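Here's a quick briefing to read alongside the model. Keep the viewer open and hop between the spots as they come up.

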Amino acid sequence: MNNLQQKAQQLLESGNYGLIVGYEKGTSGKARPVFIRKAEHASKLIFDESCDQNIAVYLYRQEIKHNKKKVIVANHHTLKSIVELAAENQVFDGDFMVLAFAENGDIIELNTFEEIEKHVATLYHGLTEAEAAMMKKIEDMSLEDRWAFWENEFSKCIKCYACRASCPMCYCPTCTVEINQPQWISVPSHTLGNLEWHVMRAMHLAGRCVTCGQCGKACPLELPIQLLTYKVALDSKQFFDSVAGTSICADNALAIFKPEDHENFIR
Amino acid sequence: METNNTNSFEPKVVAFVCNWCTYAGADLTGTSRIKYATNVKIIRFPCTGRIDFMLLMKAFANGADGIIISGCHPNDCHYTSGNFHARRRWMIFRNLLDFIGVDVNRIVFSWVSAAEGAKWAEVVNESVDQFRQLGPATSYQKLIKNSEFQEVE
(Lines give C-alpha, C1' and ligand atoms only; values in the text may rest on other atoms or scores of the structure.)
Protein backbone atom coordinates (compact mmCIF):
# COMPACT_ATOMS: atom_id res chain seq x y z
CA MET A 1 0.00 0.00 0.00
CA ASN A 2 1.43 3.37 -0.96
CA ASN A 3 1.06 6.70 0.82
CA LEU A 4 -2.04 7.74 -1.08
CA GLN A 5 -3.87 4.50 -0.42
CA GLN A 6 -2.96 4.59 3.26
CA LYS A 7 -4.08 8.18 3.52
CA ALA A 8 -7.38 7.39 1.79
CA GLN A 9 -7.98 4.46 4.08
CA GLN A 10 -7.36 6.59 7.17
CA LEU A 11 -9.68 9.31 5.95
CA LEU A 12 -12.54 6.93 5.24
CA GLU A 13 -12.04 5.01 8.48
CA SER A 14 -12.07 8.23 10.49
CA GLY A 15 -15.69 8.68 9.44
CA ASN A 16 -15.17 12.35 8.67
CA TYR A 17 -15.11 11.74 4.94
CA GLY A 18 -17.66 9.79 2.92
CA LEU A 19 -16.25 9.74 -0.57
CA ILE A 20 -12.92 9.88 -2.31
CA VAL A 21 -12.81 10.86 -5.97
CA GLY A 22 -9.57 9.77 -7.56
CA TYR A 23 -8.02 7.63 -10.24
CA GLU A 24 -7.78 3.89 -10.67
CA LYS A 25 -6.02 1.75 -13.23
CA GLY A 26 -8.10 1.55 -16.38
CA THR A 27 -7.71 -0.44 -19.56
CA SER A 28 -4.84 -0.12 -22.04
CA GLY A 29 -2.53 1.74 -19.66
CA LYS A 30 -4.94 4.61 -19.04
CA ALA A 31 -6.24 5.80 -15.71
CA ARG A 32 -9.94 6.33 -15.09
CA PRO A 33 -11.86 8.12 -12.35
CA VAL A 34 -12.95 6.09 -9.37
CA PHE A 35 -15.34 6.87 -6.53
CA ILE A 36 -14.42 5.20 -3.27
CA ARG A 37 -16.82 5.01 -0.35
CA LYS A 38 -15.40 2.06 1.63
CA ALA A 39 -12.00 1.99 3.33
CA GLU A 40 -11.27 -1.52 2.02
CA HIS A 41 -11.46 -0.22 -1.57
CA ALA A 42 -8.79 2.41 -0.95
CA SER A 43 -6.16 0.14 -2.51
CA LYS A 44 -7.69 0.85 -5.94
CA LEU A 45 -6.35 4.41 -5.88
CA ILE A 46 -3.36 5.30 -8.02
CA PHE A 47 -1.62 8.50 -8.93
CA ASP A 48 0.99 8.64 -11.68
CA GLU A 49 1.56 10.42 -15.00
CA SER A 50 -1.27 8.46 -16.62
CA CYS A 51 -3.72 10.35 -14.36
CA ASP A 52 -4.07 13.38 -16.61
CA GLN A 53 -7.86 13.59 -16.66
CA ASN A 54 -9.43 16.69 -15.18
CA ILE A 55 -11.84 15.30 -12.58
CA ALA A 56 -12.99 18.63 -11.11
CA VAL A 57 -16.06 18.09 -13.30
CA TYR A 58 -17.40 15.59 -10.74
CA LEU A 59 -17.36 17.98 -7.79
CA TYR A 60 -20.65 19.66 -8.58
CA ARG A 61 -22.50 16.68 -10.12
CA GLN A 62 -25.81 15.90 -8.41
CA GLU A 63 -24.76 12.32 -7.58
CA ILE A 64 -21.67 13.56 -5.77
CA LYS A 65 -22.92 16.81 -4.30
CA HIS A 66 -25.08 15.25 -1.58
CA ASN A 67 -22.24 13.07 -0.28
CA LYS A 68 -20.83 13.66 3.13
CA LYS A 69 -17.57 15.54 3.05
CA LYS A 70 -15.56 14.60 -0.03
CA VAL A 71 -11.91 14.20 -0.89
CA ILE A 72 -10.61 14.74 -4.38
CA VAL A 73 -7.25 13.55 -5.64
CA ALA A 74 -6.17 16.38 -7.88
CA ASN A 75 -3.62 16.75 -10.66
CA HIS A 76 -2.62 20.27 -11.70
CA HIS A 77 -5.46 20.58 -14.25
CA THR A 78 -8.03 19.66 -11.61
CA LEU A 79 -6.53 22.13 -9.13
CA LYS A 80 -6.76 25.03 -11.59
CA SER A 81 -10.34 24.10 -12.44
CA ILE A 82 -11.27 24.01 -8.75
CA VAL A 83 -9.90 27.56 -8.37
CA GLU A 84 -11.91 28.73 -11.39
CA LEU A 85 -15.06 26.96 -10.15
CA ALA A 86 -14.54 28.65 -6.77
CA ALA A 87 -14.26 32.03 -8.50
CA GLU A 88 -17.61 31.32 -10.17
CA ASN A 89 -19.24 30.13 -6.93
CA GLN A 90 -19.89 26.62 -8.23
CA VAL A 91 -18.09 24.84 -5.39
CA PHE A 92 -18.04 25.86 -1.76
CA ASP A 93 -15.23 26.38 0.68
CA GLY A 94 -14.95 23.56 3.19
CA ASP A 95 -17.15 21.16 1.18
CA PHE A 96 -14.23 19.00 0.21
CA MET A 97 -10.59 18.36 0.81
CA VAL A 98 -8.01 18.22 -1.96
CA LEU A 99 -5.11 15.81 -2.01
CA ALA A 100 -2.44 17.31 -4.26
CA PHE A 101 1.10 16.15 -4.85
CA ALA A 102 4.40 17.93 -4.44
CA GLU A 103 7.05 17.36 -7.08
CA ASN A 104 8.79 14.77 -4.90
CA GLY A 105 5.54 12.82 -4.64
CA ASP A 106 4.60 13.92 -1.12
CA ILE A 107 0.90 14.30 -0.47
CA ILE A 108 -0.26 17.85 0.27
CA GLU A 109 -3.57 18.30 2.06
CA LEU A 110 -5.46 21.40 0.97
CA ASN A 111 -8.54 22.18 3.02
CA THR A 112 -9.52 25.71 2.12
CA PHE A 113 -9.75 27.64 -1.15
CA GLU A 114 -7.04 29.94 0.07
CA GLU A 115 -4.64 27.02 0.47
CA ILE A 116 -5.59 25.72 -2.96
CA GLU A 117 -5.06 29.13 -4.51
CA LYS A 118 -1.64 29.39 -2.88
CA HIS A 119 -0.64 25.95 -4.12
CA VAL A 120 -1.89 26.68 -7.66
CA ALA A 121 0.26 29.82 -7.74
CA THR A 122 3.32 27.54 -7.61
CA LEU A 123 2.19 25.60 -10.71
CA TYR A 124 2.98 26.34 -14.33
CA HIS A 125 0.16 28.10 -16.18
CA GLY A 126 0.15 28.00 -19.95
CA LEU A 127 0.52 25.58 -22.81
CA THR A 128 3.03 22.78 -22.95
CA GLU A 129 5.64 22.91 -25.70
CA ALA A 130 3.77 20.36 -27.80
CA GLU A 131 0.51 22.30 -27.46
CA ALA A 132 2.19 25.60 -28.30
CA ALA A 133 3.70 23.97 -31.38
CA MET A 134 0.25 22.81 -32.53
CA MET A 135 -1.10 26.32 -32.07
CA LYS A 136 1.77 27.78 -34.03
CA LYS A 137 1.34 25.26 -36.83
CA ILE A 138 -2.25 26.42 -37.35
CA GLU A 139 -1.54 30.11 -36.89
CA ASP A 140 1.21 29.94 -39.51
CA MET A 141 -1.17 28.51 -42.12
CA SER A 142 -2.77 30.76 -44.71
CA LEU A 143 -6.39 31.76 -44.16
CA GLU A 144 -7.60 29.27 -46.81
CA ASP A 145 -5.57 26.44 -45.31
CA ARG A 146 -6.88 27.20 -41.83
CA TRP A 147 -10.44 27.10 -43.12
CA ALA A 148 -9.77 23.84 -44.98
CA PHE A 149 -8.19 22.35 -41.86
CA TRP A 150 -11.09 23.23 -39.56
CA GLU A 151 -13.73 22.41 -42.17
CA ASN A 152 -12.27 18.93 -42.39
CA GLU A 153 -12.13 18.58 -38.60
CA PHE A 154 -15.64 19.92 -38.00
CA SER A 155 -17.09 17.71 -40.73
CA LYS A 156 -16.09 14.67 -38.61
CA CYS A 157 -17.78 15.89 -35.41
CA ILE A 158 -20.74 13.72 -34.40
CA LYS A 159 -22.07 16.19 -31.81
CA CYS A 160 -21.82 13.73 -28.94
CA TYR A 161 -21.00 16.70 -26.67
CA ALA A 162 -18.32 14.73 -24.86
CA CYS A 163 -16.27 17.95 -24.97
CA ARG A 164 -19.01 19.69 -23.03
CA ALA A 165 -19.55 16.83 -20.57
CA SER A 166 -15.85 16.58 -19.79
CA CYS A 167 -15.31 20.30 -19.25
CA PRO A 168 -15.51 21.42 -15.61
CA MET A 169 -16.51 24.90 -16.75
CA CYS A 170 -19.52 23.69 -18.80
CA TYR A 171 -21.95 23.45 -15.91
CA CYS A 172 -25.02 25.35 -17.19
CA PRO A 173 -28.12 23.29 -16.31
CA THR A 174 -29.61 24.23 -19.69
CA CYS A 175 -27.01 24.59 -22.40
CA THR A 176 -27.69 26.67 -25.50
CA VAL A 177 -27.64 23.48 -27.58
CA GLU A 178 -30.69 22.24 -25.69
CA ILE A 179 -32.66 25.35 -26.52
CA ASN A 180 -34.86 24.80 -29.57
CA GLN A 181 -36.76 28.06 -29.74
CA PRO A 182 -34.75 29.43 -31.42
CA GLN A 183 -32.69 26.45 -32.48
CA TRP A 184 -29.26 27.97 -32.07
CA ILE A 185 -27.35 24.81 -32.85
CA SER A 186 -28.74 22.41 -35.44
CA VAL A 187 -29.64 18.93 -34.24
CA PRO A 188 -28.17 16.89 -37.12
CA SER A 189 -24.42 17.08 -37.30
CA HIS A 190 -23.32 18.86 -40.44
CA THR A 191 -20.22 20.98 -40.84
CA LEU A 192 -22.02 24.32 -40.53
CA GLY A 193 -23.81 23.42 -37.31
CA ASN A 194 -20.69 21.75 -35.93
CA LEU A 195 -18.67 24.87 -36.64
CA GLU A 196 -21.25 27.00 -34.84
CA TRP A 197 -21.23 24.62 -31.89
CA HIS A 198 -17.46 24.72 -31.54
CA VAL A 199 -17.27 28.50 -31.94
CA MET A 200 -19.98 28.86 -29.31
CA ARG A 201 -18.28 26.48 -26.91
CA ALA A 202 -14.99 28.33 -27.27
CA MET A 203 -16.63 31.76 -26.87
CA HIS A 204 -18.46 30.67 -23.73
CA LEU A 205 -15.12 29.54 -22.29
CA ALA A 206 -13.35 32.81 -23.04
CA GLY A 207 -11.44 33.88 -19.96
CA ARG A 208 -12.55 30.71 -18.15
CA CYS A 209 -10.60 27.95 -19.89
CA VAL A 210 -7.72 26.67 -17.75
CA THR A 211 -6.15 24.98 -20.84
CA CYS A 212 -6.37 21.47 -19.43
CA GLY A 213 -7.25 20.13 -22.89
CA GLN A 214 -9.80 17.72 -21.45
CA CYS A 215 -12.27 18.47 -24.28
CA GLY A 216 -9.76 17.24 -26.85
CA LYS A 217 -8.87 14.19 -24.75
CA ALA A 218 -12.56 13.31 -24.36
CA CYS A 219 -13.33 13.64 -28.08
CA PRO A 220 -13.99 10.15 -29.50
CA LEU A 221 -12.90 11.38 -32.93
CA GLU A 222 -9.76 12.96 -31.54
CA LEU A 223 -10.51 16.34 -33.07
CA PRO A 224 -8.08 19.01 -31.83
CA ILE A 225 -10.93 21.13 -30.46
CA GLN A 226 -8.95 22.06 -27.37
CA LEU A 227 -6.99 24.44 -29.62
CA LEU A 228 -10.09 26.64 -29.98
CA THR A 229 -10.37 27.15 -26.25
CA TYR A 230 -6.59 27.58 -26.00
CA LYS A 231 -6.93 30.36 -28.54
CA VAL A 232 -9.51 32.25 -26.46
CA ALA A 233 -7.48 31.61 -23.31
CA LEU A 234 -4.31 32.99 -24.89
CA ASP A 235 -6.19 36.00 -26.25
CA SER A 236 -7.74 36.70 -22.83
CA LYS A 237 -4.26 36.71 -21.39
CA GLN A 238 -2.84 38.89 -24.13
CA PHE A 239 -5.67 41.43 -24.28
CA PHE A 240 -6.99 41.50 -20.75
CA ASP A 241 -4.18 39.96 -18.70
CA SER A 242 -6.69 37.43 -17.45
CA VAL A 243 -5.58 33.87 -16.74
CA ALA A 244 -8.31 31.50 -15.61
CA GLY A 245 -7.68 29.28 -12.62
CA THR A 246 -5.29 31.57 -10.81
CA SER A 247 -7.54 33.48 -8.44
CA ILE A 248 -10.57 32.52 -6.35
CA CYS A 249 -12.03 36.01 -6.54
CA ALA A 250 -11.25 37.18 -10.11
CA ASP A 251 -14.06 38.09 -12.49
CA ASN A 252 -14.28 36.54 -15.96
CA ALA A 253 -12.52 38.47 -18.67
CA LEU A 254 -15.78 38.96 -20.58
CA ALA A 255 -17.88 39.84 -17.55
CA ILE A 256 -15.87 42.97 -16.80
CA PHE A 257 -14.27 45.69 -18.90
CA LYS A 258 -11.81 48.51 -18.78
CA PRO A 259 -12.48 51.79 -20.56
CA GLU A 260 -8.89 51.65 -21.82
CA ASP A 261 -9.22 48.22 -23.47
CA HIS A 262 -7.30 48.60 -26.67
CA GLU A 263 -8.27 47.24 -30.07
CA ASN A 264 -7.30 48.33 -33.56
CA PHE A 265 -10.20 47.27 -35.75
CA ILE A 266 -13.15 49.48 -34.75
CA ARG A 267 -13.41 52.51 -37.00
CA MET B 1 -26.20 52.23 -55.91
CA GLU B 2 -26.56 52.99 -59.57
CA THR B 3 -25.16 50.19 -61.58
CA ASN B 4 -25.98 49.12 -65.10
CA ASN B 5 -23.97 45.95 -65.07
CA THR B 6 -26.46 43.36 -63.81
CA ASN B 7 -23.77 40.66 -63.75
CA SER B 8 -21.66 42.41 -61.16
CA PHE B 9 -21.72 40.89 -57.70
CA GLU B 10 -23.70 42.79 -55.09
CA PRO B 11 -22.89 41.67 -51.54
CA LYS B 12 -25.67 40.97 -49.09
CA VAL B 13 -24.86 42.97 -45.99
CA VAL B 14 -26.47 42.83 -42.56
CA ALA B 15 -25.91 45.70 -40.15
CA PHE B 16 -26.36 45.11 -36.44
CA VAL B 17 -26.78 48.52 -34.86
CA CYS B 18 -27.73 49.89 -31.47
CA ASN B 19 -30.98 51.76 -31.02
CA TRP B 20 -29.53 54.81 -29.33
CA CYS B 21 -26.62 55.88 -31.50
CA THR B 22 -26.11 54.21 -34.85
CA TYR B 23 -29.80 53.61 -35.57
CA ALA B 24 -30.50 57.26 -34.90
CA GLY B 25 -27.39 58.13 -36.91
CA ALA B 26 -28.66 56.08 -39.85
CA ASP B 27 -31.98 57.89 -39.50
CA LEU B 28 -30.10 61.18 -39.74
CA THR B 29 -28.36 59.94 -42.89
CA GLY B 30 -31.80 59.48 -44.41
CA THR B 31 -33.29 62.76 -43.27
CA SER B 32 -30.12 64.51 -44.48
CA ARG B 33 -30.76 62.97 -47.92
CA ILE B 34 -27.32 61.41 -48.06
CA LYS B 35 -27.26 58.50 -50.51
CA TYR B 36 -25.62 55.25 -49.54
CA ALA B 37 -25.43 51.65 -50.71
CA THR B 38 -28.74 49.79 -50.65
CA ASN B 39 -27.11 46.44 -49.97
CA VAL B 40 -27.41 46.87 -46.26
CA LYS B 41 -30.24 45.51 -44.13
CA ILE B 42 -30.30 47.17 -40.76
CA ILE B 43 -31.29 45.27 -37.64
CA ARG B 44 -31.95 47.39 -34.59
CA PHE B 45 -30.77 46.24 -31.19
CA PRO B 46 -31.30 47.77 -27.77
CA CYS B 47 -27.53 47.99 -27.28
CA THR B 48 -24.31 46.66 -28.80
CA GLY B 49 -24.00 44.62 -25.61
CA ARG B 50 -27.04 42.65 -26.80
CA ILE B 51 -25.41 41.64 -30.09
CA ASP B 52 -24.59 38.04 -29.33
CA PHE B 53 -21.84 36.49 -31.42
CA MET B 54 -24.25 33.69 -32.36
CA LEU B 55 -26.39 36.26 -34.20
CA LEU B 56 -23.38 37.05 -36.39
CA MET B 57 -22.81 33.34 -37.01
CA LYS B 58 -26.48 33.04 -38.01
CA ALA B 59 -26.18 35.99 -40.38
CA PHE B 60 -23.36 34.20 -42.19
CA ALA B 61 -25.28 30.92 -42.07
CA ASN B 62 -28.21 32.66 -43.76
CA GLY B 63 -26.13 33.89 -46.65
CA ALA B 64 -24.71 37.25 -45.60
CA ASP B 65 -21.54 38.22 -47.49
CA GLY B 66 -20.61 40.85 -44.97
CA ILE B 67 -21.65 42.21 -41.59
CA ILE B 68 -21.48 45.70 -40.15
CA ILE B 69 -21.65 46.14 -36.40
CA SER B 70 -22.03 49.60 -35.00
CA GLY B 71 -22.98 51.30 -31.78
CA CYS B 72 -22.30 54.22 -29.49
CA HIS B 73 -18.78 55.54 -29.05
CA PRO B 74 -17.03 54.42 -25.85
CA ASN B 75 -18.32 56.40 -22.84
CA ASP B 76 -21.49 57.27 -24.79
CA CYS B 77 -23.45 54.08 -24.16
CA HIS B 78 -27.09 54.66 -23.21
CA TYR B 79 -26.66 51.88 -20.64
CA THR B 80 -23.26 53.16 -19.50
CA SER B 81 -21.16 50.11 -20.29
CA GLY B 82 -22.85 47.90 -22.91
CA ASN B 83 -20.42 48.89 -25.64
CA PHE B 84 -17.39 48.25 -23.41
CA HIS B 85 -18.59 44.68 -22.79
CA ALA B 86 -19.31 44.29 -26.50
CA ARG B 87 -15.84 45.52 -27.41
CA ARG B 88 -14.19 42.86 -25.22
CA ARG B 89 -16.37 40.17 -26.76
CA TRP B 90 -15.53 41.30 -30.31
CA MET B 91 -11.81 41.30 -29.60
CA ILE B 92 -11.98 37.63 -28.63
CA PHE B 93 -14.55 36.67 -31.27
CA ARG B 94 -12.75 38.31 -34.17
CA ASN B 95 -9.50 36.51 -33.37
CA LEU B 96 -11.31 33.21 -32.94
CA LEU B 97 -12.94 33.55 -36.37
CA ASP B 98 -9.56 34.37 -37.84
CA PHE B 99 -8.16 31.26 -36.16
CA ILE B 100 -10.74 29.00 -37.82
CA GLY B 101 -10.12 30.62 -41.19
CA VAL B 102 -13.06 33.02 -41.58
CA ASP B 103 -11.98 36.22 -43.32
CA VAL B 104 -12.46 38.84 -40.60
CA ASN B 105 -12.60 41.55 -43.28
CA ARG B 106 -16.18 40.39 -43.78
CA ILE B 107 -17.10 41.96 -40.45
CA VAL B 108 -16.76 45.72 -40.08
CA PHE B 109 -16.93 47.24 -36.61
CA SER B 110 -17.54 50.92 -36.07
CA TRP B 111 -18.76 53.51 -33.60
CA VAL B 112 -21.34 55.85 -35.15
CA SER B 113 -23.11 58.38 -32.95
CA ALA B 114 -26.59 59.80 -33.48
CA ALA B 115 -25.02 62.97 -34.94
CA GLU B 116 -22.79 61.14 -37.43
CA GLY B 117 -25.18 60.62 -40.33
CA ALA B 118 -22.41 61.30 -42.82
CA LYS B 119 -20.08 58.84 -41.12
CA TRP B 120 -22.74 56.11 -41.35
CA ALA B 121 -23.05 56.61 -45.12
CA GLU B 122 -19.27 56.49 -45.38
CA VAL B 123 -19.00 53.32 -43.26
CA VAL B 124 -21.66 51.54 -45.30
CA ASN B 125 -20.25 52.61 -48.67
CA GLU B 126 -16.71 51.66 -47.79
CA SER B 127 -17.78 48.35 -46.24
CA VAL B 128 -19.88 47.41 -49.25
CA ASP B 129 -16.92 48.21 -51.53
CA GLN B 130 -14.72 46.04 -49.33
CA PHE B 131 -17.22 43.14 -49.39
CA ARG B 132 -17.66 43.52 -53.14
CA GLN B 133 -13.94 43.11 -53.60
CA LEU B 134 -13.88 40.06 -51.34
CA GLY B 135 -16.61 38.50 -53.49
CA PRO B 136 -19.32 36.09 -52.39
CA ALA B 137 -18.69 34.17 -49.17
CA THR B 138 -18.22 30.95 -51.13
CA SER B 139 -16.53 28.94 -48.39
CA TYR B 140 -19.50 29.54 -46.11
CA GLN B 141 -22.03 28.99 -48.91
CA LYS B 142 -20.59 25.53 -49.48
CA LEU B 143 -21.35 24.67 -45.86
CA ILE B 144 -24.86 26.08 -46.12
CA LYS B 145 -25.60 23.98 -49.20
CA ASN B 146 -24.21 20.92 -47.50
CA SER B 147 -26.34 21.54 -44.39
CA GLU B 148 -29.55 21.89 -46.36
CA PHE B 149 -29.39 18.23 -47.35
CA GLN B 150 -29.47 17.25 -43.75
CA GLU B 151 -31.86 19.75 -42.20
CA VAL B 152 -35.53 18.88 -42.48
CA GLU B 153 -37.72 21.88 -42.14
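This is a predicted model: local features need pLDDT of at least 70, side-chain atom pairs count only at pLDDT 80 or more; totals for chains, interfaces and linings use all residues.

Residues are numbered from 1 along each chain as its sequence is written, with chains lettered from A and ligands numbered from 1 in the order in which they are written.

**Where the chains meet**

- Chain A puts 34 residues into the contact and chain B puts in 33; two residues are in contact if their C-beta atoms, placed from the backbone, lie within 7 Å.
- On the chain A side, α6 (143-156), α8 (191-204) and α10 (226-240) each supply at least two residues. Helices here are DSSP runs (H or I, at least four residues), as are strands (E, at least two), and both are numbered from the N terminus.
- The largest share of that side, 9 residues, belongs to α8(A).
- By class, the side of chain A that touches chain B splits into 22 nonpolar, 5 polar and 7 charged residues. Ala, Val, Leu, Ile, Met, Phe, Trp, Tyr, Cys and Pro count as nonpolar, Asp, Glu, Lys and Arg as charged, and the others, Gly among them, as polar.

**Domains of chain A**

- Chain A is assigned domain 1 (3-121) and domain 2 (129-240), with bounds that come from an automatic or database domain assignment.
- The centres of the two domains, taken over C-alpha atoms, sit 27 Å apart.
- Domain 1 gives 11 residues to the contact between them, and domain 2 gives 9.
- The domain 1 side of that contact has 4 nonpolar, 5 polar and 2 charged residues.

**The nonpolar core**

- The largest nonpolar core runs to 119 residues, and A:I82, A:V98 and B:L96 have the most contacts inside it. Such a core is a set of buried Ala, Val, Leu, Ile, Met, Phe, Trp, Tyr and Cys residues joined through C-beta atoms within 7 Å.
- Helix α3 (residues 82-99) of chain B brings the largest share of this core, at 7 residues.
- Domain 1 and domain 2 of chain A both give residues to this core, so it lies between them.
- Beyond its neighbours within four places in sequence, A:V98 is in contact with A:I72, A:A74, A:L79, A:I82, A:L110 and A:I116.

- In chain B, the axes of α1 (residues 22-31) and α4 (residues 117-134) come within 7 Å and cross at roughly 95°, which makes α1(B) roughly perpendicular to α4(B). Axes are lines fitted to C-alpha atoms, for helices over the stretch in contact, with angles from 0 to 180 degrees between N-to-C directions. Angles under 35 degrees count as roughly parallel, over 145 as roughly antiparallel, 65 to 115 as roughly perpendicular and the rest as oblique.
- The residues that meet are B:T22, B:G25, B:A26, B:L28 and B:T29 from α1(B), and B:G117, B:W120 and B:A121 from α4(B).
- That contact has 4 nonpolar, 4 polar and no charged residues.
- In chain A, the axes of α6(A) and α8(A) come within 8 Å and cross at roughly 100°, so α6(A) is roughly perpendicular to α8(A).

- A cis peptide bond, with omega about 0°, joins A:Q181 and A:P182; A:P182 is in the loop between α7 (162-166) and α8 of chain A.
- A:D241 isn't a glycine, yet has a positive phi of about 55°. A:D241 lies in the segment after α10 of chain A and is exposed, with 9 other C-beta atoms within 10 Å. The cut-offs are 20 or more other C-beta atoms within 10 Å for buried, 12 or fewer for exposed, and in between for partly exposed, with C-beta atoms placed from the backbone.
- B:R33, also not a glycine, has a positive phi of about 60°. B:R33 sits in the loop between α1 and β2 (40-45) of chain B.
- B:P74, in the loop between β3 (66-71) and α3 of chain B, touches A:P259, B:N83 and B:F84, not counting residues up to four places away in sequence.
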